[in-house]
Amino acid sequence: MKNIIPIASDHAGYILKEQLKPYLESKGYEIKDFGCYSEESVDYPDMIHPIAKAVSDGEFDFGFIMCGSGNGVSMVANKYQNVRCGLCWKAELASLAKQHNNANIIALPARFISFDEAKEIVDAYLSADFEGGRHERRVNKIKI
């Protein structure tokens with residue numbers, strides 16, 4: 001489902017998530033919002049488990065998640081067998097996460113990046129392709 005992007009955040013990532021939704025829609029994507037739906041304090045696993053499961057199960061090809069640091073959400077997402085989530089605070093990291101690690105979720109640290117930086121990060125991810133080759137061999141060794 002390349003035209004639908006699932007997205008999720010906790011309260012710390014809520015504003016960035018809400019800013020990214022119309023930006024991604026302007027690029028022709030539909031958004032599946034897994035929450036949260038306000039800045040009211042929530043527990044990030046409640047939003048991240050459903051999106052990570054959906055990506056792991058193949059319902060979506062990739063997704064974007066965010067919290068204050070990006071650490072908590074990426075830890076939850078990476079519990080799923082078929083998820084490779086990379087924490088990205090620069091565009092180059094997002095490109096490399098896709099090119100070298102075939103990341104299918106990227107985590108954004110909402111308290112540490114601006115909206116403009118977030119746009120550059122998601123654009124870099126969306127324009128990158130997995131390089132395969134020696135990287136594929138390594139990615140295949142990630143699963144337990």
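Does N102 count as buried, exposed or partly exposed? At 22% relative accessibility, N102 is partly exposed, a class that lies between buried (under 20% relative accessible area) and exposed (over 50%), with a 1.4 Å probe and protein chains only. This is a predicted model, in which local features need pLDDT of at least 70 and side-chain atom pairs count only at pLDDT 80 or more, while totals for chains, interfaces and linings use all residues. Residues are numbered from 1 along each chain as its sequence is written, and side-chain values use heavy atoms, with hydrogens and water left out.

Stay on N102, which has a positive phi of about 50° although it is not a glycine, and which sits in the loop between α4 (91-101) and β5 (105-109); helices (H or I, at least four residues) and strands (E, at least two) are DSSP runs, numbered from the N terminus.

Next, select G35 and C36, which are joined by a cis peptide bond with omega of about 0°. C36 belongs to the loop between β2 (30-33) and α2 (45-56).

Then select L16, L20, F64, I106 and L108, the residues with the most contacts inside the largest nonpolar core, which has 24 residues. Such a core is a set of buried Ala, Val, Leu, Ile, Met, Phe, Trp, Tyr and Cys residues joined through side-chain atoms within 4.5 Å. At least two residues of this core come from each of β1 (4-9), α1 (14-26), β3 (63-67), α4, β5 and α5 (115-127), and α5 gives the most, with five residues.

Finish at R134, which is placed in helix α6 (residues 134-139) and is partly exposed, with a relative accessible area of 48%.
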